[in-house]
Amino acid sequence: MLQNIPTPTILIDRDRLHQNIKRMQNVCTRHSVQLWPHIKTHKMLEVARMQLDAGAAGLCCAKLGEAEVMVESGVRSIFLAHSLVDPLQAPRISALAERLDALILAVTSEAQADALERVLSAANLKLPIMAGCDTGLGREGARGVEGALRLVKKVQSLPHMVLKGIYTHEGHSYSSPTGNYLDTAKLVYRQMMEIKSQIDEDIEVWPGCSVTAAWMAQQEGITAVRPGTYVFGDLSLTVTNLIMQWEDLAATILATVVDRPDVKLALLDAGSKCFTSDKTPLGLSGSLLDGRDIHVTKLSEEHGWVTGSEVNQLKIGERVRVVPAHVCPVINLTDEVVVISGDCVVDRWKVAARGKVQ
Ligand SMILES: Cc1ncc(COP(=O)(O)O)c(C=O)c1O
């Protein structure tokens, strides 16, 4: 029972997780689009296996260290969606490639392509490459159609690379300027299709974001999507972007009310070391799962400051389940999660790729 679990603890609702995985997979399968879930959200072998069992074509990782852990899930294909440049990583890339059927790497600029070429040459590997295109986030990837065409040509010119397709991370759809994520998704789609049409009709097109994934999977010409956060959901996907339902939320922080310093404030035993510094645009670090108007609005390292019109209902010693603003970094701060079905504890899972930032 939840009453016997020390707090703060991350709870994973197994049934909701399963439904979230199934729902995304079903959309992809129905439209013959591959699903390559990004494991940065969960970092757990058990969740990766659920995704693969449901039909995921492969896994997407950011870091080599994450991929090295994820191999244990039985995955055969991994896309490393990060700008690799360090020759020190050559032996690890080699060893990883040997354990997989397919290791796909990212090229994110012409200069990075040169650096990666040196790494691949040192590793004596010729690998499939996805060319990164910036579609508005402004992080990695070629700028504009011209930039993308130059980047693709660069990949095609390098002896240790084989162009597989183009990819983007449309993370800016979390804060679409019009307030409607579809406007951003349509723009991203048009940009990717324009690039594709100028390169080769056969190359693959891989957008990747939980906000747009289900819509993208239904569009002509998209070959794969790479959402990550959809497995658990958070305030960003439910309240800010209305992509998931409140009833889909699969990850919460179980915390205890440890003090009530005044009528308008309660303190939780979970602070920034649980919630991280990520907040919603309204400044919330978390909201109570039970729907009461009670929110975590400020954090110290070990205290969550809780306010809201119903905060006076909270009692010292009461346990609350809090939905975090952004779930991915929250999971990365815990060694283990408690898995529940309803109110019953059914398992404990290690966050196996926790902290694997190298
Ligand atoms: C390269 C890349 N692909 C896919 C994703 C998954 O996006 P989301 O967090 O919206 O699920 C991310 C998220 O940061 C990313 O950086």
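The ligand sits in the largest pocket. A pocket here is an open set of points, on a 1 Å grid over the protein atoms alone, with protein on both sides within 12 Å along at least five of seven lines. A molecule sits in one if more than half of its atoms lie within 2 Å of its grid points.

This is a predicted model: local features need pLDDT of at least 70, side-chain atom pairs count only at pLDDT 80 or more, and totals for chains, interfaces and linings use all residues. Residues are numbered from 1 along each chain as its sequence is written, and side-chain values use heavy atoms, without hydrogens and water.

Start with the shell. There are 13 residues around the ligand, each with a heavy atom within 4 Å of it. Those that come nearest are Tyr 174, Ser 210, Arg 226, Gly 228 and Thr 229. By class, the shell has four nonpolar, six polar and three charged residues; Asp, Glu, Lys and Arg count as charged, and Gly is among the polar ones.

Now the polar contacts (pairs of N or O atoms within 3.5 Å). Ser 210 places a polar side-chain atom 2.6 Å from a ligand oxygen. Arg 226 has a side-chain N or O atom 2.9 Å from a ligand nitrogen. The protein covers 91% of the 390 Å² of accessible area that the ligand has on its own (Shrake-Rupley method, 1.4 Å probe).

Next, the rings. The structure holds four aromatic pairs, with ring centres within 6.5 Å. One of them joins Trp 36 and Trp 206, 4.7 Å centre to centre. Their planes are 40 degrees apart, a tilted pair; under 30 would be stacked and over 60 edge-to-face. This pair links distant parts of the chain, 170 residues apart. Trp 36 is in the loop between strand E2 (34-35) and helix H2 (45-54), Trp 206 in strand E9 (residues 204-206). Helices (at least four residues) and strands (at least two) are DSSP runs.

The loop between E2 and H2 also holds Lys 43. Its phi is near 55 degrees, a positive value in a non-glycine residue.

How values were computed. Polar contact = N/O pair within 3.5 Å; in protein donor to acceptor, adjacent residues only side chain to side chain. 1 Å grid on protein atoms, 1.4 Å probe; cavity = no way out; pocket = protein on both sides within 12 Å on 5 of 7 lines; lining within 4 Å. Phe/Tyr/Trp six-rings, centres within 6.5 Å; stacked < 30°, edge-to-face > 60°.
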